[in-house]
Amino acid sequence: MHGILHETKRRKEVGVILKLDFEKAYDKVNWSFLFEVLKLSGFSGKWCTWMQQVVTGGTVSVKLNDKVGPYFVSSKGVRQGDPLSPILFNVAADCLARMVRKAQRANLITGLTENLIPGGVILLQYADDTIVCLQNDMTKARNMKLLLYFYEMMSGLKINFSKSEIIMIHGDNSLNTQYADLFNCQIGGFSLKYLGVPISPGRLHIKDWLPLVEKNEKKLASWKGSSLSIAGRVTLINSCLSITFIYHMSMYLFPKTIVNSLEKQRRSFLWQGGGRKRKYHLVKWLTVCKSKKKGGLGVKTFIE
């Protein structure tokens, strides 16, 4: 995604980014649509019957004030928590990608970075986290909206346009307003979050990474570190604080300010236990980060 935005900005093209928000995605899947898609995908009749029993066989009840209400059968949706549900949901969601590709081949819609990929990149989709990339063409944008409405009607997956965002690359305020009115959504801005990672056509700044530091602070606020031993704190640091941002660090080089903030949080939790009263750090942090064979505690350091 970052490469698409960067290439569009480098070529000084006007791009339209639409971040879609699906309303209670797993609960809204239309059963008849799902079973029809399974048949068209080539699954055997026996398999489709099994899936039909899995999806429609469950019952639901509502618990209110410690009282369980009567059980009833839901009329749509895939059962959350079932290991088969993500697969079935992806089968239903993949139909949107198929519809987009067919419309792209008919030249009804055009994506970004057409110079690198024929027809350009239009749809980035992982489960219900979906981003639509379009060239600045109001007619083709209307085609895209019509396609989304058709998909809503068939699949039952309702798009919450009021929570969706339109973001322009090299677009002015009037153009932003036109596309926002077309899709009936709000105007967003960069950095854009996709799969939990901030994305921007330009350089990411410190403010874009501050939510990660705040996320750590919320975790620390809920922990009773002062009642834990040093060994317990080290276990929490290694199992939670040290691995939370490996996913982000695998794609981006964090600014030094953010790295120092994350290291400070871990140091303070180890020696102070989350309390406000400052305590002496009895051992250098670099020594703590050494492996246990070399006399450390095996805490992974973010600083090289």
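Author: Start with one bridge. T130 in β5 is the bridge partner of Q125. The model is predicted: local features need pLDDT of at least 70, side-chain atom pairs count only at pLDDT 80 or more, and totals for chains, interfaces and linings use all residues. Residues are numbered from 1 along each chain as its sequence is written, and side-chain values use heavy atoms, with hydrogens and water left out.

Strand β4 (residues 123-126) pairs with β5 over 4 bridges, in the antiparallel sense. Two strands count as paired if DSSP finds at least two bridges between them. Strands (E, at least two residues) and helices (H or I, at least four) are DSSP runs, numbered from the N terminus. Together β4 and β5 make a hairpin, with 2 residues between them. In that turn, A127 has a positive phi of about 55 degrees.

Now look at another partner of β5. Strand β1 (residues 15-20) pairs with β5 over 6 bridges, again antiparallel. I17 has C133 as its bridge partner in β5. G15 has Q135. Strands of a sheet pair through backbone hydrogen bonds, either parallel or antiparallel.

Step back to the sheet. It is open and has 5 strands, in the order β4-β5-β1-β6-β7, with mixed pairing. β4 and β7 (186-187) are at the edges. Each has a single partner strand, so one side of each has no neighbour in the sheet.

Buried means under 20% relative accessible area; exposed means over 50%, and partly exposed lies in between (1.4 Å probe, protein chains only). Helix α4 (residues 85-105) lies across β4 and β5, and runs at about 170 degrees to β4.

For comparison, take F150, in helix α5 (residues 138-155). F150 has 44% relative accessibility, so it counts as partly exposed.

Helices also pack against each other. Helix α2 (residues 31-40) packs on helix α3 (residues 45-56) at about 160 degrees, with axes 10 Å apart. Axes are lines fitted to C-alpha atoms, for helices over the stretch in contact; angles run from 0 to 180 degrees between N-to-C directions. The two helices are therefore roughly antiparallel. Under 35 degrees is roughly parallel, over 145 roughly antiparallel, 65 to 115 roughly perpendicular and the rest oblique. The crossing of α2 and α3 is right-handed. The contact includes W31, L34 and F35 of α2, and W47, C48 and M51 of α3. Contact means heavy atoms within 4.5 Å.

Helices α8 (residues 230-241) and α10 (residues 256-272) also pack at about 160 degrees, with axes 9 Å apart. They are therefore roughly antiparallel. Their crossing is right-handed. Among the contact residues are I230 and R233 of α8, and F269 and W271 of α10. The contact residues divide into 8 nonpolar, 1 polar and 2 charged. Ala, Val, Leu, Ile, Met, Phe, Trp, Tyr, Cys and Pro count as nonpolar; Asp, Glu, Lys and Arg are charged, and the others, Gly among them, polar.

Key:
Left-handed = near helix turned anticlockwise from the far one by under 90°.
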